[in-house]
Amino acid sequence: MSFDQEWAELKAKSAMRLDSVPTDPGGSSPDGADLILRYDDMGKIGHAAFLLHQHLSSAGKHAQSHTEAAAKSLENDGFDIGAALAKAEEGWQGQLQVLVDACAQISNHLDYSVKSSKQDDHFIAAQMQVSKISEYLDVPPPTSDSDAPHVPKADGPIM
């Protein structure tokens, strides 16, 4: 089978699969939530990215000095492969740096996402509690931040 035939067959299968996907899947969780965030899972992934970053930073440069020395020696002896080896080492170090940076970005982003999501959860919980309190005190909801209602304080000790 030629590449073009195989490619056409794969495209046709993909199109059929896409056509069969419901337009409203109803969410990915039993209660219909769009996003389920498990802090433990995100923490594990972030930690794995951090460990990979640490390992690649050191192990990726393990042969750098030997490769550079070999390239220089080969080049000094008149072999063209010396320059090619130096170029390959340069390319390796560039790609290694891209990978190390990507691991750091993943780790940092997941750390930030967990912290940010927890702060958002606390803010939403506090807002929900305030709205419940407002219902019991018959305080109208604020129309803007400057119109925040005055909530009366209790007269005596709260026990």
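A polar contact is taken here as a pair of N or O atoms within 3.5 Å; within protein, one must be able to donate a hydrogen and the other to accept it, and residues adjacent in sequence count only if both atoms are side-chain atoms. By this criterion, the side chains of Gln93 and Glu89 are joined at 2.8 Å. The model is a predicted one, in which local features need pLDDT of at least 70 and side-chain atom pairs count only at pLDDT 80 or more, while totals for chains, interfaces and linings use all residues. Residues are numbered from 1 along each chain as its sequence is written, and side-chain values use heavy atoms, with hydrogens and water left out.

Gln93 sits in helix α4, which spans residues 81-137; helices are DSSP runs (H or I, at least four residues) numbered from the N terminus. With a relative accessible area of 15%, Gln93 is buried (buried is under 20%, exposed over 50%, partly exposed in between, using a 1.4 Å probe and protein chains only). Leaving aside residues up to four places away in sequence, Gln93 touches Gly60, Lys61 and Gln64, contact meaning heavy atoms within 4.5 Å.

Turning to charged pairs, the structure holds 1 salt bridge, defined as a side-chain nitrogen of Lys or Arg within 4 Å of a carboxyl oxygen of Asp or Glu. Lys13 and Glu9 form this bridge, their closest N and O atoms being 3.6 Å apart. The two residues are separated by about one helical turn, because they lie 4 residues apart in helix α1 (residues 3-19). Lys13 is partly exposed at 46%, and Glu9 is likewise partly exposed at 37%.
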